[in-house]
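Subject: Structure handover and findings

Dear colleague,

I am passing on the structure below, and after it I set out what was found. Please read the notes with the structure open beside them.

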Amino acid sequence: MRWLKQVYNWFELRLQLEGPVGDAVLHPVPRNTASWWYVFGSAAFTLLMLQVVTGILLAIVYVPSAANAWNNLQMLNHDLPLGWFLRGMHFWGSNFMVAVVLIHMAQVFLFGAYKFPRELTWIIGVFLLLMTLGMAFTGQVMRFDQDAYWGLGIGASIMSRVPLIGGPLVHLLLGGPIIAGATLSRFFALHVFVIPGILLLCVAVHVWMVLKLGINEWPMPGRPVRRSTYIAEYHKLSHQDGLPFFPGAFWKDLIFSGAVLAAVAVCAAVFGPYGPTGVPDPAIIQTVPKPDFYFLWLYAVLAYLPPSLETPFILTVPLLTIAALVALPFLAGEGEKSWHRRPVAVLLLATIAVSFAVFTHLGTYTPWSPLMDAWSSDTVPEKFLHQLSPLERQGAVVFQAKQCRNCHSLDHVGGERGPALDDVATRLTEDQLIRQVLQGGGNMPAYGKNLSPSETTALVKFLVTLHPPGQKPATNAAGPPTAALSPPAANR
Amino acid sequence: MTDVVKEEQHITKDDPRVVSRRWLLLKLGVLINAAVGVAVAVPVVRYLLGPVKRKGAYNSWVSLGPVDQFPAGETRLATFENPDKEPWDGDTAKVPCWVRRVSGNTFQVFAINCAHLGCPVRWFPQSGLFMCPCHGGVYYADGSRASGPPERGLFEYKYRVDGNELQISAGQLPTLSTEAKNVFRVLNNEKGRGPCAG
């Protein structure tokens, strides 16, 4: 073993790493920060390393060419031994990374760790989050399938809303006039060189500051942060009631990171890689583009914004959000760290988390979109057709043929863009139905030009039969009851 | 090693002549690097801005084929190859569009991209509507906005009929600031008459 020591000494004399590395791993941390709550930062770092390694492994095969990328991924999935597993690791690694980075951020916010003197650590962290999302979006483009193609269209359309320089921005984003080869090339450069380069640099600074400033102590109610006393207090806490980071706190980081890596591998092995979905041929328009899960909330928000608010929202809200995150440690750099004394912070976090979850959930089934094939694939349920007159049945045919079903459901089947029509007759009278069909209103297009008078009559006669058996259809309170004009309707 | 550094700092602090010469040379070095930096950066910026061209520079007349393949009163999908294309574009050089032959040589050629966020709209002849699968934008047969989040009607290409051939002026992805051609207002005023008689 003496030769080993000699080799070590030979290197140490030249590298002189023993001192700084020893300082870094043995620096004392407050005893109560060796907690399972403090493992997310290191897990995010581990996942970043996984993404770098699997990314390089994919890059030695991937062809960033619009004409070939899709076939290349098919080859990776099906022909290259375990190519599918590497793609799966990279895909699930990215999902886990976005999730872990968000959890890490929520934990740091909840524990008040962004306060003095860790303001800059938080700000760099905000940019790390943005770059993680940038990696997620550019990574989605690497798949170069239908979702990637139309996702780029959405990106370009968002860019085009910037006043004055919108047009040049679109061309810069796409690398040319349309989404094509040049677009993939520049997104490849962004995904493998530009963003990872900046990301790794920022991670180095982030970790450096964590080592220099120490890990945030466990927040205690009634122990507020003051700029004048904090550093001395923290020093006392970490040196008098502290323990060396290695192995005191490190073993938990190690186990959690291992568990996360194992979870990524299990997901990759069980669920496999995602996509590529349809071939990126713009002429195939029978597609329903959707972003990956981390952008579903945005996809949902963009559906719900009123048209007049959309451009102002897109142009200001992201910038204001980033500004607010950057300003946070300056506005609340001192004071209580404990969540027991920060009700606004807790409520804010809960609201954001619930909104994120709700919008993401809505994004998974897009109730705002017409169901493109409902009119031809979902028949009118039989129970709505019992004992109908020939005219009313003709109306049911019109109802299907005119694609009403794409937006309106019957018996929970069909689009959800408009209201379900199972009991529409209890809400609208016959006259109101005619008006609504012909003139539209709310979110409904006017069908006046696309329905002949006889089709309109048949359709409305069918619609007035849509009410529960025991419930009377709506009547006009002002005029004579329309029921007198209708055929016996409550006969289902 | 550290002793040497300390000694040098010691000298620079004490001797005003050495200080001024060293600092002058350092400033000269910075100046040279700044000049070279600018000289290198300008071409890089120009290179990066390569795809940005003046308005309309990407557009040219593209054929959609003989007019006979578009029956009057119907709206059909047509596909053309973008005039600005490279061999490595593959399928993505293709651009689809909706051609509506109003009557005779009067056409409307709509971009496939929804005016909201660019998703491909689909034509439903039965109900005479274009519907977008992404956020539920709906347009009437003449391209005007019917409902949903779009703030305007479908983008329209400028067209002309050359002999028996339908041609459109195309070349870039239509978005709110890189429109195919905003003729919708004109069409409305002229009650459906095409802006260019062909």
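Chain A has a radius of gyration of 30 Å, whereas a compact globule of 492 residues would come near 23 Å; the radius is taken over C-alpha atoms, and the globule rule is 2.2 Å times the number of residues to the power 0.38. Please bear in mind that this is a predicted model, in which local features need pLDDT of at least 70 and side-chain atom pairs count only at pLDDT 80 or more, while totals for chains, interfaces and linings use all residues. Residues are numbered from 1 along each chain as its sequence is written, and chains are lettered from A and ligands numbered from 1 in the order in which they are written.

Overall form of chain A

Taken along the principal axes, the C-alpha atoms of chain A fill a box of roughly 105 × 60 × 50 Å. The domain assignment divides chain A into domain 1 (23–365) and domain 2 (374–484), with bounds that come from an automatic or database domain assignment, and the centres of these two domains, taken over C-alpha atoms, are separated by 47 Å. The secondary structure of chain A consists of 19 helices and 2 strands, where helices (H or I, at least four residues) and strands (E, at least two) are DSSP runs numbered from the N terminus. Of the 492 residues in chain A, 38% count as buried; a residue is buried if 20 or more other C-beta atoms lie within 10 Å of its own, exposed if 12 or fewer, and partly exposed in between, with C-beta atoms placed from the backbone. Among the contacts in chain A between residues at least 6 apart in sequence, 79% join residues at least 24 apart, a contact being two residues whose C-beta atoms, placed from the backbone, lie within 7 Å.

A helix pair in chain A

Helix 13 (residues 293–304) and helix 15 (residues 343–365) of chain A pack at an angle of about 85°, with their axes 7 Å apart. Axes here are lines fitted to C-alpha atoms, for helices over the stretch in contact, and angles run from 0 to 180 degrees between N-to-C directions. Helix 13 and helix 15 of chain A are therefore roughly perpendicular to each other (angles under 35 degrees count as roughly parallel, over 145 as roughly antiparallel, 65 to 115 as roughly perpendicular and the rest as oblique). Helix 13 of chain A contributes residues including A:Phe293, A:Leu296 and A:Trp297 to the contact, and helix 15 of chain A contributes, among them, A:Phe356, A:Phe359 and A:Leu362. By class, this contact between helix 13 and helix 15 of chain A has 9 nonpolar, 3 polar and no charged residues, where Ala, Val, Leu, Ile, Met, Phe, Trp, Tyr, Cys and Pro count as nonpolar, Asp, Glu, Lys and Arg as charged, and the others, Gly among them, as polar.

Backbone details and one residue of chain A

A cis peptide bond with omega about 0° joins A:Phe116 and A:Pro117, and A:Pro117 lies in the loop between helix 5 (83–110) and helix 6 (119–142) of chain A. The peptide bond from A:Phe246 to A:Pro247 is also cis, with omega near 5°, and A:Pro247 lies in helix 11 (residues 245–248) of chain A.

A:Gln387, a residue other than glycine, has a positive phi near 55°; A:Gln387 is exposed, with 9 other C-beta atoms within 10 Å. A:Gln403 likewise has a positive phi, of about 65°, although it is not a glycine, but A:Gln403 counts as buried, with 25 C-beta neighbours inside 10 Å.

A:Ala44, found in helix 3 (residues 40–59) of chain A, counts as buried with 27 C-beta neighbours inside 10 Å. Leaving aside residues up to four places away in sequence, A:Ala44 touches A:Met97, A:Val100, A:Val101 and A:His104.

Chain B and its contact with chain A

Chain B has 3 helices and 10 strands, and buried residues make up 39% of its 198 residues. The contact between the chains takes 50 residues from chain B and 55 residues from chain A. On the side of chain B that touches chain A, the largest share, 3 residues, comes from strand 3 of chain B, and by class that side has 23 nonpolar, 18 polar and 9 charged residues.

With best regards
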